[in-house]
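Please look at the entry below before reading on.

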Amino acid sequence: MNNKKSLILVLAFAMVILVAGCKKTEPQPEAAAQDFKWQIDQFADLRILRYQVPGFDELPLAQKELIYYLSEAALCGRDIITAQNYKHNLTIRRILDAIVEGYKGDRTDPQWEKFMVYTKRVWFSNGIHHHYATDKFIPGFTTDYFAMLIKESEGVEFPLAKGQTIGDLIAFLQPVIFDPTVDAKKVSQDSTKDLVTESAVNFYAGVTQEEVEKYYQRIRDENDPTPISYGLNSRVVKKNGKVVEEIAYLNGLYGPAIEKIIYWLEKAAGVAENDQQRKVIEKLIEYYQTGDLEKFDEYNILWVDDVGSRVDFINGFIEVYSDPMGMKGSWESVVNFKDLAATKRTETIAANAQWFEDNSPTDPRFKRKEVKGVTAKVITAAMLGGDSYPSTPIGINLPNANWIRRTHGSKSVTLENITYAYDQASLGSGFGKEFSYSEEILERTKKYGAQAGNLHTDLHEVLGHASGQLLPGVSPEALKNYHSPIEEARADLFALYYFIDEKMVELGLLPNLDAAKAVYDNNIRNGLMTQLTRIQPGKTIEQAHMRSRALVSHWVYEKGKPENVISEKIKDGKTYFVINDYQKLRQLYGDLLVEVQRITSEGDYETARDLVETHGVQVDQELHKEVLERYSKLNLAPYGGFINPVYTPVIENGRIVDVKIVYPDDYVKQMLRYGKDYSFF
Ligand SMILES: [Zn+2]
C-alpha cells in the first residue's frame, strides 16, 4: 500500500495498447487519427508526443475563453517547478536556451547533437535530474565544448550575477553539470542518511532533516481534526541561525510568477460557467494572494463540490512525491473539460450494473443484492503545465488532505485524450506488428483496439471491482499479500467474461463482437508474453496487475489445452499465441471468475496463494529472453511526454469572438518560446 492519499498514474512504459492496466483510452474519428503525427521526437530514454483536444472547437465561446485563460495560468508556473526541482536549474536552462538560440558555430558536429540531447532532457525533466529516477544525468560533451558554445553564441544574454564574468559562471557550473557526485540525486530515499541534505531538491536550504522535523513538530497542532497541509507551499531555510519558512505567494517566494497566475485566474473568474466555479477560482486567487493554507483547504472543498461545470482545472502546489519528507507540493496545472460521450459510456454501464451482477456465472451467495457501479469522470486534457508537463499523469484523484476526502469526498478523473495519444503513437511503433501473429489480428487491433481498450477499463473499474460480496464474517484482509492480484484478476475476469456478450452491442458499447476479439487477442498476448518486456532478465513478476494478467492468461491457456482453445505457434523462429475459439475462451474466463469470486468471498488464502504462485509469478526464461530481444530491436523509448497545443484568441473590436487551437510539432521551438514568454523571476 502506498501511504500517499493521492493517486497519480504515471505512464512509464511505451507499449500502452498492449499493456492495458487500470487506465482509459479514447475512441476518436478514424480520419483524424490517421493523418495526425503523434510522435515528433525521440532522444535518450524519452519520446515526445502530441495530443489532440477533440471537442474543443464545438465548445461554447465562453468555455473556450475560460480554457484559454486557465491555460495561460498553467504555463505561467513553469519556472516555479524548475526552481523547485533544484536551485541551479533555472540558471542552467537559461544558458542552454541562449546557446540553442545564439550559437554561430558548426551544428553538424557530433558534440552538438550530444549538447541538444542534454538540453532536451533538461527541458523534459524541468531540471538536470531524471524526471522518474531522480538521478542527475551527465552530458555527453566536454566542459571545454560547453565553454566554447557559450563564447561562440551571439546576440543572446547569459544569466550573470552582479560582477560575474562568463568565465566565473562556467567555472561555477562545471561541477554542478559535469561532476556525477555533486547533487547526484534529486530525491534521496535512503533513510539511513539525512534525507534533507542528501536530496538536491530545492525545498530546503542549509537545514538538516532533524531541524526540519523539529520545526514542524513545533508548529503542528496534533489535536486539530481539520489540519492544514503543513509546509505544502514553502521552502525551509536558515536565516541568521534560525529555521524559517519562505512562503510561496504574491509577495513572497516565486511572487512574480504567482502574480501572472493570479492575473489569468482573474480573467478566468470573469467567464466562469456558474457561481460555484467562480467561487472556486476566486478562492484560489485569495490563497495565492496570501499563501494561507487554510484558504487552500477552503478552495479544495469548493473544488470537490463543483461537479456541474464542463471545464475544470488544477493549479497549485499539489503532489508531494518530490519531497523526501513528503510535505512540499510541486507546482503543477492541468486544464481540462468533461468528455461527454465517454462519460455517457461509463454512465450506461453503471446504470446496468445490476443486470451484469445478476447474470454473472458466480455463485448466487457471492453476488451483491444491490450493486451500484462507480462512475469516474472522463476528461479531455486541454493544457499541461508545471510538474505535469511534458511528462503527464493519465489519471488524477484529488484533493490530498485526508480529512477533506473523508468529509467532502474526492474527484477522480482519467485523461482519455492522453492515453489515446499513447495508443496511437504505439501503433506506429512496430510493437503491434512484431507481436501479432497475422495481418488480420493486427488490423483488428488497429481498428478496434483503442475503443475496446477503453471499454475493457470501464467494465473493469465500473463493474468488476464493484461486483460481488464477502460471506458474513470474512475479513477483507483474509487474502493478505495475495489480495491485490486476486482482486485485479476478479475485476478483469468480470470484464472479460462480458466483453463478448451480445449485451455489449445491444447497449451500444461495441459496434460488433469482432471488436471484442481485439481485447481477447491483446489480453492473451500480453499476459503470456509481451508484458515480460517490463521484467528484468532473471526476475519474477512482482506487480499486482501484472501478476493478475499472467495468472488469468496462463490458467485459461492450460485449461484450454485439451480443446486447443489457444495455441502456441512458432513462425520464423518467433513465438506467438493464437486464439482458436473465442467463445470457449469466454467460458474459461467465466470458470475462473467463479473460482476467484469464491476465493474472495470465502477468504480462501491457501487457494489464492496456489493460484498466484503457480500461474502469476514465474517467468519462462527462454520465452523471456526472446521477447526482450524482439523488443529491444524496436528501439522504443520507455518514457513519454507531450508538447501542448497553442490557443490563440480571435479578437474583433476589442472582444474575443473565438479561440483557435493549433497543434505545433516542434519540441525545441515550444521549449524556447516558453522560456521567453513565461519566465518571470
Ligand atoms: Zn483494478
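This is a predicted model: local features need pLDDT of at least 70, side-chain atom pairs count only at pLDDT 80 or more; totals for chains, interfaces and linings use all residues.

Student: How many helices and strands does the protein have?

Tutor: Both kinds of element occur in the protein. The count is 26 helices and 16 strands.

Student: Why is the protein said to be as compact as a globular protein of that length?

Tutor: The globule rule gives 26 Å for 681 residues. The protein is as compact as a globular protein of that length because its radius of gyration is close to this value, at 26 Å.

Student: What share of the residues is buried?

Tutor: A residue is counted as buried when its relative accessible area is under 20%. Of the 681 residues in the protein, those that are buried make up 58%.

Student: Which residues have the most contacts inside the largest nonpolar core?

Tutor: This core has 119 residues. Apart from it lies another core, of 68 residues, including Phe356 and Leu479. Inside the largest core, the residues with the most contacts are Ile99, Phe115, Leu265, Tyr288 and Tyr647.

Student: With which residues is Ile99 in contact, leaving aside its neighbours within four places in sequence?

Tutor: Contact requires heavy atoms within 4.5 Å. With those neighbours left aside, the partners of Ile99 are Arg107, Trp112, Phe115, Phe146, Leu149, Ile150, Ser153 and Phe158.

Student: How far apart are the mean positions of the positive and negative charges?

Tutor: The protein has 80 positive and 96 negative charges. Their mean positions are apart by 1 Å.

Key
Residues are numbered from 1 along each chain as its sequence is written. Side-chain values use heavy atoms; hydrogens and water are left out. A nonpolar core is a set of buried Ala, Val, Leu, Ile, Met, Phe, Trp, Tyr and Cys residues joined through side-chain atoms within 4.5 Å. Buried means under 20% relative accessible area, exposed over 50%, partly exposed in between (1.4 Å probe, protein chains only). Helices (H or I, at least four residues) and strands (E, at least two) are DSSP runs, numbered from the N terminus. The radius of gyration is taken over C-alpha atoms; the globule rule is 2.2 Å times the number of residues to the power 0.38. Lys and Arg count as positive and Asp and Glu as negative; His and the chain ends are not counted. The place of a charge is taken as NZ of Lys, CZ of Arg, CG of Asp or CD of Glu.
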